[in-house]
Amino acid sequence: MTDLLPVVVVHGGAGFIPKERSQLSISGVCAAVQTGYAILKGGGSSMDAVVETVIQLENNPAFNAGCGSVLNVKGEVEMDAIVMDGKTLASGAVSAVRNIANPIQLARLVMDKTSHACLTAEGANQFARSMGIEEVPQESLITEYSRMRWRKNLAPDANPVESQMGKAGTVGAVAVDLEGNVACATSTGGMLNKMEGRVGDTPIIGSGGYADNQSGAVSTTGHGETIMKITLARLILFHMEQGRSVEDASDLGLACMQSRLGGLGGVVTVDPQGHWAAHFSSKQMSWAAAQRDIMHYGLYTGEHFTQSIN
């Protein structure tokens with residue numbers, strides 16, 4: 001094992017974040033990454049770390065996940081989430097779920113308690129009830145900010161995709177634990193003013209996330225329809241399998257998405273040795289990482305601040 005372990009890296013979504021919300025986004029990812037790091041330092045698994053990190057982000061209304069989710073065209077919340085364990089390639093996902101405070105927790109239960117990889121909509125909600133997960137009122141997941149953006153994007157000349165690339169983002173985390181096992185977790189409220197039943201990249205294995213001890217782990221954010229077409233998470237790990245560094249592989253994946261489809265996005269990536277990257281092609285992406293008792297964080301391209309965790 002290297003002295004680079006353990007490590008956890010999180011993102012709070014790629015896009016443009018208005019000035020008045022950027023501090024909320026940065027403080028949110030910094031608080032969440034410390035939660036995950038404490039679990040890893042205590043000998044916890046990478047899976048435990050990424051799930052707890054993402055739960056904290058789902059509970060923060062500054063992000064497009066859990067209680068800050070964007071609304072579909074009917075003004076309702078439908079959420080997607082995925083987890084993947086690099087040791088066994090076990091994965092669990094949920095899509096189009098409603099009335100659940102922490103979809104990432106449900107995704108993990110799909111992985112741990114069923115023989116399936118993904119449950120959707122009412123079936124996922126039924127499974128949640130059978131697992132004793134309490135349903136929450138729809139209203140508790142809707143912020144005034146989300147409602148305002150929903151109304152704004154009902155206008156005939158609105159461009160929800162353009163508008164989506166900011167304001168609030170999908171959340172995700174990757175980690176390597178002291179045993180060298182990698183894991184990923186990604187959670188989202190999806191796309192602003194999406195059609196009812198629309199499912200994006202997040203719950204799709206290889207698109208919203210992928211984890212494999214033989215190469216590394218990735219969690220993605222950006223325009224889902226674009227990410228799915230190039231299976232962004234898996235593409236980055238393919239480049240790492242060809243010997244590329246986490247930084248180069250992340251950039252190659254994002255560059256491919258932009259050149260082929262004009263899509264912008266961001267990723268957090270780790271390899272099993274503990275090297276990591278938080279790269280994006282969008283204007284901003286809030287991100288944070290914790291390693292060797294140092295927290296790293298940033299928002300704009302080229303921005304990289306550090307502070308001691310202790």
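1. In this note, two residues are in contact when heavy atoms of each lie within 4.5 Å. The model under review is a predicted one. With neighbours within four places in sequence set aside, Glu58 has contacts with Ala65, Gly66, Cys67, Ala101, Asn102, Pro103, Ile104 and Ser187. Glu58 itself belongs to helix α2, which spans residues 46-58.

2. The charge of Glu58 deserves a separate remark. Glu58 is buried and yet forms no salt bridge. Arg108 provides the nearest side chain of opposite charge, and that side chain is 12 Å away. A salt bridge would require a side-chain nitrogen of Lys or Arg within 4 Å of a carboxyl oxygen.

3. Asn64 is located in the loop between α2 and β2 (79-85). Is Asn64 buried or exposed? Its relative accessibility is 0%, and Asn64 therefore counts as buried. The side chain of Asn64 has two polar contacts to backbone atoms that may be inspected. A polar atom of this side chain lies 3.0 Å from the backbone nitrogen of Val70. The side chain of Asn64 also reaches the backbone oxygen of Gly190, at 2.8 Å.

4. Helix α3 covers residues 103-113, and its buried residues are Pro103, Ile104, Leu106, Ala107, Leu109, Val110 and Met111. Which elements cover these residues of α3? The cover includes helices α2 and α4 (121-130), together with strands β2, β3 (91-97), β4 (118-120) and β6 (182-188). Pro103 and Ile104, listed among the buried residues of α3, are also among the contacts of Glu58.

5. The whole structure holds 13 salt bridges. One of them pairs the side chains of Lys41 and Asp293, at 3.1 Å from N to O. Lys41 lies in helix α1 (residues 19-41) and Asp293 in the loop between β11 (284-291) and β12 (294-300), so this pair ties together parts 252 residues apart in sequence. Lys41 is partly exposed, with a relative accessible area of 44%, and Asp293 is partly exposed at 21%.

6. A further salt bridge joins the side chains of Lys74 and Glu196, at 3.3 Å from N to O. Because Lys74 sits in the loop between α2 and β2 and Glu196 in the loop between β6 and β7 (209-212), the pair ties together parts 122 residues apart in sequence. Lys74 is partly exposed, with a relative accessible area of 48%; Glu196 is partly exposed at 41%.

7. The side chains of Glu225 and Arg198 also meet in a salt bridge, at 2.7 Å from N to O. Glu225 lies in helix α7 (residues 224-230) and Arg198 in the loop between β6 and β7, so the pair ties together parts 27 residues apart in sequence. Glu225 is partly exposed at 25% relative accessibility, whereas Arg198 is buried at 14%. Elsewhere, salt bridges with shared partners join Lys74, Glu76, Glu78, Arg98 and Glu196 into one network.

8. The largest pocket holds about 150 Å³ of space. Its lining consists of Glu247, Trp276, Ala277, Ala278, His279, Phe280, Trp287, Tyr300, Gly302, Glu303 and His304. Which element supplies the largest share of this lining? Strand β10 (residues 276-280) does, with five residues.

Methods
Residues are numbered from 1 along each chain as its sequence is written. This is a predicted model: local features need pLDDT of at least 70, side-chain atom pairs count only at pLDDT 80 or more; totals for chains, interfaces and linings use all residues. Side-chain values use heavy atoms; hydrogens and water are left out. Helices (H or I, at least four residues) and strands (E, at least two) are DSSP runs, numbered from the N terminus. Buried means under 20% relative accessible area, exposed over 50%, partly exposed in between (1.4 Å probe, protein chains only). Lys and Arg count as positive and Asp and Glu as negative; His and the chain ends are not counted. A polar contact is a pair of N or O atoms within 3.5 Å; within protein, one must be able to donate a hydrogen and the other to accept it, and residues adjacent in sequence count only if both atoms are side-chain atoms. On a 1 Å grid over the protein atoms alone, a cavity is a set of points where a 1.4 Å probe fits but cannot get out, and a pocket is an open set with protein on both sides within 12 Å along at least five of seven lines; lining residues have an atom within 4 Å of a point. Grid points are joined across faces, edges and corners, and a volume is the space filled by probe spheres set on the points.
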